[in-house]
Amino acid sequence: HARLVESGGGSVQAGGSLRLSCKTSGWTYSQNCLAWFRQVPGKEREGVAQIYTSNSGGGTPFYADSVKGRFTIAQDPANDTVYLQMDSLNPEDTGLYYCAGGPRNWGGALCSAKPIAYVYWGQGTQVNVSS
């Protein structure tokens, strides 16, 4: 079983930046998917970014339209960590951010943005963006 532990959440003003980290253990980086989701009360969990991971190289990233150009997902297999760099934050980015791990090629996508595609989940880290 893999274990995922998020960190790096906090409170920032609009326009600010945060970097979230997801420390993995027992995770195989070769040809799998790691993803960041966020959730606010009363709404479904939303896929923010995914990365097709590899043991070497940068991996292949995918982003939701709402965060393209502002968020960057990156892998560091040597340190068993995936990052989510979040810039130009706005209040709509507020939520509980989860790291998740799952197999490639679920539902026709190399790395799905759907929560059901992911097997392993962290406990979440809260991000609050004030206007």
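Me: What should I know before I start?

Reply: Residues are numbered from 1 along each chain as its sequence is written, and side-chain values use heavy atoms, with hydrogens and water left out. The model is predicted, and local features need pLDDT of at least 70, side-chain atom pairs count only at pLDDT 80 or more, while totals for chains, interfaces and linings use all residues.

Me: Which residues touch the most other members of the largest nonpolar core?

Reply: In soluble globular proteins, nonpolar side chains tend to be buried together. A nonpolar core is a set of buried Ala, Val, Leu, Ile, Met, Phe, Trp, Tyr and Cys residues joined through side-chain atoms within 4.5 Å. Buried means under 20% relative accessible area, exposed means over 50%, and partly exposed lies in between, with a 1.4 Å probe and protein chains only. Here the largest core has 25 residues, and those touching the most other members are Trp 36, Phe 71, Val 82, Leu 84, Met 86 and Tyr 97. Two or more residues each come from β3 (18-25), β4 (32-39), β5 (46-53), β7 (71-76), β8 (81-86), β9 and β11 (125-130). Strands (E, at least two residues) and helices (H or I, at least four) are DSSP runs, numbered from the N terminus. There is also a second, separate core of eight residues, with Ala 35, Phe 37, Ala 100 and Tyr 118 among them.

Me: What does Met 86 touch?

Reply: Contact means heavy atoms within 4.5 Å. Not counting residues up to four places away in sequence, Met 86 touches Gly 16, Ser 17, Leu 18, Leu 20, Arg 70, Phe 71, Tyr 97 and Val 127.

Me: Which backbone atom lies 2.9 Å from a polar atom of the Arg 70 side chain?

Reply: A polar contact is a pair of N or O atoms within 3.5 Å; within protein, one must be able to donate a hydrogen and the other to accept it, and residues adjacent in sequence count only if both atoms are side-chain atoms. For Arg 70, the atom is the backbone oxygen of Ser 66.

Me: Where are the residues Ser 88 and Asn 105, and what is their phi?

Reply: Ser 88 is in the loop between β8 and β9, with a positive phi of about 50 degrees although it is not a glycine. Ser 88 counts as partly exposed because its relative accessibility is 44%. Asn 105 sits in the loop between β9 and β10, and has a positive phi of about 60 degrees, although it is not a glycine either. Asn 105 counts as exposed, since its relative accessibility is 52%.

Me: Where is Ser 112, and what surrounds this residue?

Reply: Ser 112 is in the loop between β9 (95-103) and β10 (120-121). Its relative accessible area is 5%, so Ser 112 is buried. Not counting residues up to four places away in sequence, Ser 112 touches Gln 50, Trp 106, Ala 117 and Tyr 118. A polar atom of the Ser 112 side chain lies 2.9 Å from the backbone nitrogen of Lys 114.

Me: What does the side chain of Thr 125 reach?

Reply: The side chain of Thr 125 reaches the backbone nitrogen of Gly 9 at 3.1 Å. Thr 125 is in strand β11, and is buried because its relative accessible area is 11%. Leaving aside neighbours within four places in sequence, its contacts include Glu 6, Leu 20, Leu 96 and Tyr 97.

Me: Which residues line the largest pocket?

Reply: Rolling a probe the size of a water molecule over the atoms shows where empty space is left. On a 1 Å grid over the protein atoms alone, where a 1.4 Å probe fits, a pocket is an open set of points with protein on both sides within 12 Å along at least five of seven lines; lining residues have an atom within 4 Å of a point. Arg 38, Gln 39, Val 40, Lys 43, Glu 44, Glu 46, Pro 91, Glu 92 and Thr 94 line the largest pocket.
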